[in-house]
Amino acid sequence: MKTWSMNLGSKLEVVTPFLGKYRPFVGRCCQRCTPESWKSYFHKHLTSLGFCNVINITEENTRYRGWLVRRLCCFLTVCDWQFCSGTPDDLQERIFHSKRVQDIVSPTVSQGKGDAPVASVSVAQWMKDIHRILCHIQSSLSPFLLRLCSWALLKLLKQMFLNVILHKGQLEMVHRAAKTADVPVVFLSSHKSELDGLFLPLLLVSQGLSVPRVTWEYKAYTSKHRTLLTRLGGVFLPPALEQVSDSKMGALSRAVLASYLEELLLSRQRLLIFLEEPFSGVPQLSASGREWLALVFNALQTGTVPDVLMVPVGLAYDMAPGLIHRGQVKPTQPCSLWMLLWTICQAACRGLGCVRVDFAQPFSLQEYLANSTFRQSSSGKHLDELLLPEVFGKCPMILDCEKVEYRSSNSYGAVALNTKQQTLVDNLSLHSLSTAVSCSAIMAVGITSALLLHKHWEGVFLSQLMQDFVWLTEEILLRKYDVGFSGQVRHLVLHTLFLLRHCISLHCLSLGDVLVAPRRTEAAVTELSSHSAALLTVFIQEAVGACAINALMMELLPYLGSPEQLRDAVFAQEELHNKTALLVQLLPRDVVLRQPCQSVYYYCQFAIDKLIQDGLLVAEEVASDRLVCDTTQKNFTRKLLWKSTDDFADSDSDYDEEAGKQCFKISHQENCIDAFMFLCCLLGPLLKTLRRTLVFLGESECPQPESQYMEKLHHFLVRKANEDCSFECANKTLAAVSISIYKELGVLQELPGKTEPIFHLSETFTSKENREKLGKFIEQFIWQSAY
């Protein structure tokens, strides 16, 4: 064999549909939660408007023509863009006189000679404190810096990416929302790279929208970097928020921040909030994004603005610039300006393929909250109450009961909310993140990475890889997700292999085919894992259902003579539903993308239905008065009367007394087991990390500070990964998700410390027997290659 080198001769065409298949129009808002918004800002003709390449700037984008214009078109285009600050000149004065600030200032402001000198504080001192807090939050925009950075970024984007694609129909929806009188617009975006906060404002301004205020992490950047970002429209949560609300600076910072956001919305400035944690291998809600969303929610609740239009934004990269493909772990040190420039220069030299940006349909926050308040249920149980009886073999609980979300006791919110309001904000965050993720296009690199990591780990011929690429693309389109590419299959696969050249080895065989083998190094596996994570969001429900079937097969395996007999095993629908519910309750809602308007019952039934529709499960006839294929309307039984209204949706597997007796088995069709294994492996990294974390909990010394505990856990996961090359499990984000699950289960308990929480093992799980029972409970969902 000899090494085969590639030469990609032409750029990709991105406008024509892939293989002639129907390209879905993604991003419609939830018809159940926002029915009126679902009818607004949308028309059928929007789906046919096609795509545009944002970074393809020509003389047509300027007011001038000629040979000199063609060479200076980027500069002239940026000069024509409008950068309106919109910030009132008397912003500090208005914040000082706001009710929130006056409630803090009034009791201590000196009013005359009779005031107590100990408690008196001058107005000038308060104004000085407010000015210092405002400087931490924001700064006035600099049109010169905005134009200069926009021009430089536009030139760099042309070097980094082949194209940046935007759907004109989605853009038209945003323009219609921006024209709504007296209603501000807030963009809720997913987060894939450090470049997102600079890239998205550039895209919005280039399409005729005003520059938005962009939320950034305060601790993630140095002071000089923060100063530059605020001049470009960045806003930060002030550091004093970490202080308790009873302290002077803590209370004042919260009041100033809430008042600033109210003034921002009143002036109808756009706000861009990143809902997702960057560098994550699974969808994970951002803590700072939730705080900003709570501030927007509070501004609406207090009547400051009549309504707010929310626009989820989905981002998709072939290869995201920054650290995500170099280790996918969040950097612990603040990012300096030079580090960001170095990252951009590296990306420009390497070439990162294509980018796709999707805007979901705008929805009314007021309408969403009204419908959510009507649906909100007061009943719920904590995760340990739901699952531990099942783990210890006691009387099983009602698994369809809603799970109460865990909240850390040492967190201080940006605004004071009661339990009901906190639940509404959590649900809004989750709903918006789910919409943003679901409208994000799936890129070609993600498909190839998933195939190499989860299906062809030992290598695959190029011809077979192309066939699997087509199969997986069709499956994605059938699930109403869009793909961010088009063109001939061979060119697409070669394009992805070129971008993944550091992760694979290519060998030309004498048979005329090419062998594609993924490298088993830590860097290669980590990069493939980060790219393939995008496929989990598409197949998450099928993956949960497949892992539940795997758990049922694990229970049957000791009673069968060989694993081959598992293909003939028959499963009752009630068993499938219960196992699926166990896994859905175990995993966080943002990981499984279960929207708040979906109950556990509905989610589990829908997961089973999808496996049936995919042909992975087939009905097995049992003795009954009704045939399995009978689709006549079924009468609802009392068992369903307690469930929420969304459970009465039309489903192929709606439960009644007869449906509970329905049985299914795994299909014997060709490649069915391969597809089943692929679905299980998509959730494999998270489940394996969860299992290994439990082993670490039993071996570690407690109590320990959180940071020290997490660092030792990561070293443990890396050591385990070196044993079998499973470096996709040595992920700090997956480790953090595992720790949060164990805190909800009551395995880990935290005590308040001086600077950070102290972790220690709960008394119940100091017993090795109880840890083994929990370990077996988790292991049943993990795919075993012995099948």
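This is a predicted model: local features need pLDDT of at least 70, side-chain atom pairs count only at pLDDT 80 or more; totals for chains, interfaces and linings use all residues.
Residues are numbered from 1 along each chain as its sequence is written, and side-chain values use heavy atoms, with hydrogens and water left out.

Strands here are DSSP runs of E with at least two residues, and helices are runs of H or I with at least four, numbered from the N terminus. Three strands make an open antiparallel sheet in the order 17-19-18. Strand 17 (704-705) and strand 18 (748-751) are the edges: each has a single partner strand, so one side of each lacks a neighbour in the sheet. Two bridges join strand 17 to strand 19 (residues 758-761); pairing requires at least two bridges found by DSSP.

Now to the aromatic rings. Rings of Phe, Tyr and Trp (its six-membered ring) pair if their centres lie within 6.5 Å; planes under 30 degrees apart are stacked, over 60 edge-to-face, and the rest tilted. Phe759 belongs to a cluster linked by ring pairs, together with Phe696, Tyr709 and Phe716.

The structure holds 16 aromatic pairs. Phe25 and Phe42 have ring centres 5.6 Å apart and planes at 45°, so this pair is tilted. Phe25 is buried at 14% relative accessibility, and Phe42 is buried at 18% (buried means under 20% relative accessible area, exposed over 50%, partly exposed in between, with a 1.4 Å probe and protein chains only).
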